[in-house]
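Please open the model in a viewer and keep the sequence panel beside it.

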Amino acid sequence: MASGDPRPVGATYRLQLGPSFTFDDAARRVPYLADLGVTHIYLSPVLEAVRGSTHGYDVTDPTTVRAELGGRKGLERLADSAHVDGLGLVIDIVPNHLGVGRPEQNPWWWDVLKHGRKSAFAHYFDIDWDPRNGAGGKLALPVLGSEADAAALTVDRSGAEPVLRYHDRVFPIGREVGGGDAERVHYAQPYRLVPWDAPIRSYRRFFTVDDLAAVRVEDPEVFAATHAEIGAWFTDGIADGLRVDHPDGLADPVRYLRRLRELAGPGAWIVIEKILESDEPLDPILPVAGTTGYDALRELGHALLDPAGEPGLSALHERWTGDDGAVRRNSGATLRLRDELAARDLRPEFLRLARAIRVETGTAVPIDDLADAALFWMNEIPYYRDDYPVLSAQAEAVRRRLIDAAGPETSAEHRAIEAVAAAIDRGAESAARFAQLTGALTAKSLEDTAFYRSARLVSLQEVGGAPSDLGPSDPHPALARRAAEWPAAMTTLSTHDTKRGEDVRARIGVLSQCPDDWAAFVDRSVPLLPSPPDPMTGLFLLQTAFGVWPEDGAITDALRTRLHAYAEKAMREGLVGTSWTAPDGAFEAAGHAFLDALFDGAVAATMTDLVGALAPHGRSDALAQKLLQLAGPGVPDVYQGTERWEDSLVDPDNRRPVDWDAADDAHPKQRLVRTALRLRRERPGSFVGGSYSPVLAAGPAADHLLGFRRGPDGGAPDVAALATRRSLGLERSGGWHDTRVDLGASAWTDRLTGQIVTGQVPLAELFLEHPVALLVRD
């Protein structure tokens with residue numbers, strides 16, 4: 001492999017690698033992807049992971065390319081294949097954590113378990129060795145079924161070295177004791193096996209996932225060790241860019257990204273999985289091209305909805321559940337959920353933060369009071385974390401408000417808040433832990449839980465989403481800002497983390513145009529079905545089923561299985577009547593019975609009729625959002641298989657194998673994707689870094705047009721993307737009538753149809769064949 005300047009990234013195609021789809025499998029798809037029009041193949045994590053992993057985010061050895069994918073040689077073969085066809089590679093990296101669920105597969109973790117604090121890798125992980133950590137200063141591993149299960153431990157001496165065995169899991173023996181009694185051996189080790197539900201965690205995790213242990217990449221030695229292979233990808237000309245997973249989990253994201261930029265070089269394309277609130281800017285000091293695009297997904301999703309449908313959908317939700325279904329960050333329900341998480345799942349992290357605050361400030365405030373004060377402060381922060389420089393003014397405003405509201409200076413509450421403030425000011429360990437924990441608390445309370453507790457319009461309940469309202473309907477200000485400030489940021493509609501695929505969301509979004517139709521269906525259907533576990537879950541499952549229901553009503557065994565798996569996950573994530581840690585069989589059985597009756601009973605025909613009437617409008621919105629993403633500001637990513645209609649739900653459903661044989665250039669969505677991507681490759685200057693200006697229509701249906709012009713910076717626009725929105729409302733109001741768009745004196749060709757238009761163009765004629773148009777001025 002020869003080194004060279006990175007290839008400019010114009011559009012990517014995400015591939016999910018795993019044992020059943022390796023580097024060589026990906027290489028066989030290179031000609032197809034090159035023909036589709038992307039510039040780069042975007043790979044899920046490629047470093048050594050837990051054997052059999054279908055996603056690769058549980059990296060076990062960051063120094064080695066994953067053998068199950070083909071190893072380093074396989075990655076080189078894929079890069080060579082891509083380069084022959086003019087494509088490059090972008091690779092997903094995971095700096096925040098390593099997979100430790102199978103210790104014997106992670107050499108660094110194994111060594112730490114064996115030697116404790118004396119291990120050469122002990123400082124690689126974010127471990128709490130404090131004697132007050134609940135495990136007597138040892139590394140607590142939450143793997144036992146109960147305290148009594150310690151009796152199930154055995155010493156296995158059949159291999160090259162003795163190990164402590166618990167069922168199918170093994171742990172090293174670093175210190176032998178006489179007699180070989182398993183309990184005595186266990187007691188002598190630097191680690192302590194504790195019940196999985198014990199409130200003890202002596203290492204920082206990815207959110208609340210015990211099998212993912214945080215890595216201290218803020219340490220230059222740890223950064224060098226974990227990023228040596230990544231740096232070689234650029235030295236050897238393998239990669240042109242990186243996607244950085246979850247930078248908000250790092251102690252110092254800004255410093256980390258600066259080091260990463262130095263490692264990868266000035267020309268590498270780096271995007272970060274940073275969740276932005278709708279009013280939150282990405283800090284311009286970050287040496288990256290932008291985010292991975294959840295913000296773009298949110299903006300386009302909102303733009304295609306009808307805000308007028310909000311009252312009807314809210315009224316339906318309130319009638320059946322008792323609340324309006326609006327998920328708000330600062331609502332009483334969300335704050336109660338945050339309190340529960342802080343008291344249970346995240347309690348070890350809050351206590352560790354409180355201990356750090358105590359040490360750094362020398363305060364005598366009780367640990368529990370400090371933990372409560374930290375939670376109180378976090379509840380006032382409207383972002384994942386607010387320690388980025390661009391947010392300093394907002395962070396200071398929160399600080400002043402909290403101190404003013406903390407009561408008299410002599411009160412316990414005031415002293416606790418003052419201690420938290422003093423610790424944050426120091427900028428040391430507790431400041432970093434506070435910021436890391438703020439993001440984890442937000443993610444677990446909103447995306448991972450609250451978004452499964454509402455069924456007003458589930459298409460809005462996505463990572464980075466803003467489901468509290470159905471607006472704003474004008475995306476132009478946000479798109480113009482992206483064109484000016486972050487022209488090379490990634491944009492996306494589907495990822496491995498989206499809870500519903502883009503086409504599923506598009507169909508569900510149509511309900512905003514006909515809330516009365518949906519309410520009538522719900523009111524007729526629910527009484528004909530068995531009682532759901534609770535009313536909200538019933539509405540949630542109904543709306544999800546509507547999103548994936550086949551137009552012909554034929555419920556296959558595969559779809560039935562997928563929806564039941566989804567229902568189980570949704571019910572457990574919502575933590576209403578069941579959970580992963582304490583599943584309630586009766587609650588879940590009611591959910592499954594509700595679905596089965598929907599599939600097999602009289603309601604199925606009614607659902608099929610509703611889907612038949614609304615699915616064409618869902619497809620219209622699906623094409624609209626795809627065109628606006630592909631032609632809009634930023635670097636668009638096409639998630640595997642989404643160049644055609646797809647009905648994916650949350651992972652692992654959205655990581656199902658792609659049916660590559662289904663590729664069809666006559667397919668309306670694939671034709672749109674191929675046409676738009678090829679145009680981007682043909683005229684790169686009109687897209688990344690190009691100009692942006694809205695296109696507005698005139699006439700009675702003007703609000704149903706969403707479009708913009710693009711062109712080279714400083715030059716005249718030469719591309720126009722025009723899309724129909726709210727097509728159901730348009731149809732019911734009689735169509736476009738005399739609504740027109742002014743294209744000026746130049747002639748424009750629609751690359752989708754070959755139609756040539758100029759001047760005042762009736763939209764009824766422009767959209768005669770498709771609900772979208774991609775115009776080019778030659």
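Are tyrosine 452 and phenylalanine 540 buried or exposed? Both residues are buried, where buried means under 20% relative accessible area, exposed means over 50% and partly exposed lies in between (1.4 Å probe, protein chains only).

Before the next selection, note that this is a predicted model, in which local features need pLDDT of at least 70 and side-chain atom pairs count only at pLDDT 80 or more, while totals for chains, interfaces and linings use all residues. Residues are numbered from 1 along each chain as its sequence is written, and side-chain values use heavy atoms, with hydrogens and water left out.

**Aromatic pairs**

The whole structure contains 19 aromatic pairs. Rings of Phe, Tyr and Trp (its six-membered ring) pair if their centres lie within 6.5 Å; planes under 30 degrees apart count as stacked, over 60 as edge-to-face and the rest as tilted.

Select tryptophan 108 and phenylalanine 121. Their ring centres are 5.7 Å apart and their planes meet at 15 degrees, so the pair is stacked. It links distant parts of the chain, 13 residues apart: tryptophan 108 belongs to helix H4 (residues 107–115), and phenylalanine 121 to the loop between H4 and strand S7 (139–144). Helices (H or I, at least four residues) and strands (E, at least two) are DSSP runs, numbered from the N terminus. Tryptophan 108 is buried, at 8% relative accessible area, whereas phenylalanine 121 is partly exposed, at 21%.

Return to tyrosine 452 and phenylalanine 540, whose rings form a tilted pair, 6.0 Å centre to centre with 40 degrees between the planes. Here 88 residues separate the partners: tyrosine 452 is in the loop between helix H15 (429–445) and helix H16 (476–485), and phenylalanine 540 is in helix H19 (residues 535–548).

Next, select Tyr13, Phe21, Tyr32 and Trp660, which ring pairs link into a cluster.

**Charges over rings**

Display arginine 14 with tyrosine 42: the arginine lies over the ring face, at 4.6 Å from the ring centre. A charge sits over a ring if NZ of Lys or CZ of Arg is within 6 Å of the ring centre and within 35 degrees of the ring normal. Lysine 138 lies likewise over the face of tyrosine 187, at 4.8 Å from the ring centre.

**The loop at proline 190**

Proline 190 is in the loop between helix H5 (182–188) and strand S11 (191–195). Its relative accessible area of 21% makes it partly exposed. Valine 112 is 78 residues away from proline 190 in sequence, yet 8.3 Å away in space, C-alpha to C-alpha.

**Helix H17**

Finally, select helix H17 (residues 502–509) and helix H22 (residues 603–631), which pack at about 125 degrees with their axes 7 Å apart. Axes are lines fitted to C-alpha atoms, for helices over the stretch in contact, and angles run from 0 to 180 degrees between N-to-C directions. H17 contributes Glu502, Asp503, Ala506 and Arg507 to the contact, and the residues of H22 include Val611, Ala615 and Gly618. H17 is mostly covered, with eight of its eight residues buried. The elements covering them include helix H8 (294–303), H19, H22 and helix H23 (668–682).

Terms used:
Contact means heavy atoms within 4.5 Å.
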